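My notes follow the order in which I checked them.

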Amino acid sequence: MSTEYSIKKVAKLFNISTNKIRFYEEKGLLSPKRNLENEYRKFNSQDIIKLQAILLYRSIGIPIDQIKELINNNNKMNFLNHFNNQWQVVNNEIQRLNVIRESLEEVLDNIYESKTNEITTDFLEIVEKGNKINNIKDNWKDKWDFNEWARRYDVFIKEDKGNLNIYKNYEFILEDVYNKAINTEHIAKNILEIGVGTGNLASKFLNKDINIIGIDQSREMLAVAKEKFPRLKVRLGEFLKIPYSDKYFDVIVSTYAFHHLNNQEKCIAIVEMLRVLKDNGKIVIGDLMFRDGKEEQDVLKNLDSREIEIIKDEYYSHIDFLEKEFIKYNRKLNYTKIDNLNYIIEVK
Ligand SMILES: C[S@@+](CC[C@H](N)C(=O)[O-])C[C@H]1O[C@@H](n2cnc3c(N)ncnc32)[C@H](O)[C@@H]1O
């Protein structure tokens, strides 16, 4: 028989009042069973996990109705999904607050430095800028449905039946990204892969016992990666919302993933990658890119309309655009052309 807890015990466990627990019960968030003889509540481990989630969501200000929805959805899920939801909610909140903190810093500087001690129109611009960044971060959507693709992905890239043969140099690109990543003056202790997919690149680091964390926005991709490489540490995360603190990684790598962001999103992703990268760290990205607009035109000229449609469904980077973005943060970009659609960029 599983352990059951009284309301008093549960209240003590979470350091809250028994009234608070009753309140969540009244609101329909919790429904512990009752002892048939004395009507006392009996909390099982599911109830405890539910309460832990409620308290977490409340601590970051999520309204009761919304929590109800989250919790009810969670009922149909396994524990991994349940805690991944919490991971996502917490990280989203950290991201949102970080942007607000940066805006406040700017506003405060403006006020301190203004002679009149009055709020200028700059204030509105700063707030607007912060809101815009948060909107872009929140509105990125996976319109390609990688969850659905996850279990077929490895076979797909091997057969490379796509019109454009974008995976024809897949193995070579992964190997080259790996070699460029480990080619540093100092020993890279922490490596981050963004868009880890089924873990093929990450496994090269694991094979050499190098610490690597793989993040991906697709839970199914993470599940496949973890099944294939049990030693790999995987987490839900996005280019626009990297769930780690500042200056945490020595190297960031990514393959075949960056082209799922448009230019506006790429600019924010660049800031986000540089945030979690150490000062002397580097970024190595293998992806679908063109040198510039002219090269794109030259390549498209030789393709049929279906192939052009496939390219236009995604956002192949222009290297000259990325160069200009990185230079704003004093980072230099070097690139290697692999084939007519693939490049590897290295940013130091
Ligand atoms: C084409 S797969 C490439 C997987 C792997 N990197 C490889 O080279 O085999 C693209 C991967 O990037 C992930 N991805 C796409 N956009 C992302 C984003 N904004 N943040 C995090 N992951 C993303 C997808 O979920 C998917 O797993």
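These entries cover a helix and then the ligand, in a predicted model.

**Entry 1: the helix**

I looked up α13, which spans residues 293-301. Which of its residues are buried? I found E295, E296, V299 and L300. I then asked why they lie on the same side of α13. They do so because they cover an arc of only 130° around the axis. I wrote down the general rule beside this: an α-helix has 3.6 residues a turn, so residues three or four places apart point the same way.

Next I checked the face turned away from the buried side of α13, and there I noted the exposed residues K294 and K301.

What do the buried residues pack against? I listed two kinds of partner. The helix is α14 (305-312). The strands are β7 (277-290), β8 (317-318), β9 (333-337) and β10 (342-347).

I also looked at the start of α13, where a side-chain oxygen of D292 comes within 3.2 Å of the backbone nitrogen of K294.

**Entry 2: the ligand**

How many residues surround the ligand? I recorded 22, and the closest are Y170, G195, D216, Q217 and T255.

For G195, I found a backbone N or O atom 2.7 Å from a nitrogen atom of the ligand. In the side chain of Y153, an N or O atom is 2.8 Å from a ligand oxygen. The side chain of D216 has an N or O atom 2.6 Å from an oxygen atom of the ligand. Last, I looked up the ligand's area: taken alone it exposes 590 Å², and the protein buries 99% of that.

Terms used
Residues numbered from 1 in each chain as written. Predicted model: local features only at pLDDT ≥ 70, side-chain atom pairs only at ≥ 80, totals over all residues. Heavy atoms only, no water. Buried < 20%, exposed > 50% of the residue type's maximum accessible area, 1.4 Å probe, protein only. Helix = DSSP H or I, 4+ residues; strand = E, 2+ residues; numbered from the N terminus. Arc of directions from axis to C-beta. Contact = heavy atoms within 4.5 Å. Polar contact = N/O pair within 3.5 Å; in protein donor to acceptor, adjacent residues only side chain to side chain. Near = heavy atom within 4 Å. Areas by Shrake-Rupley, 256 points an atom, 1.4 Å probe, with all protein chains shown as cover.
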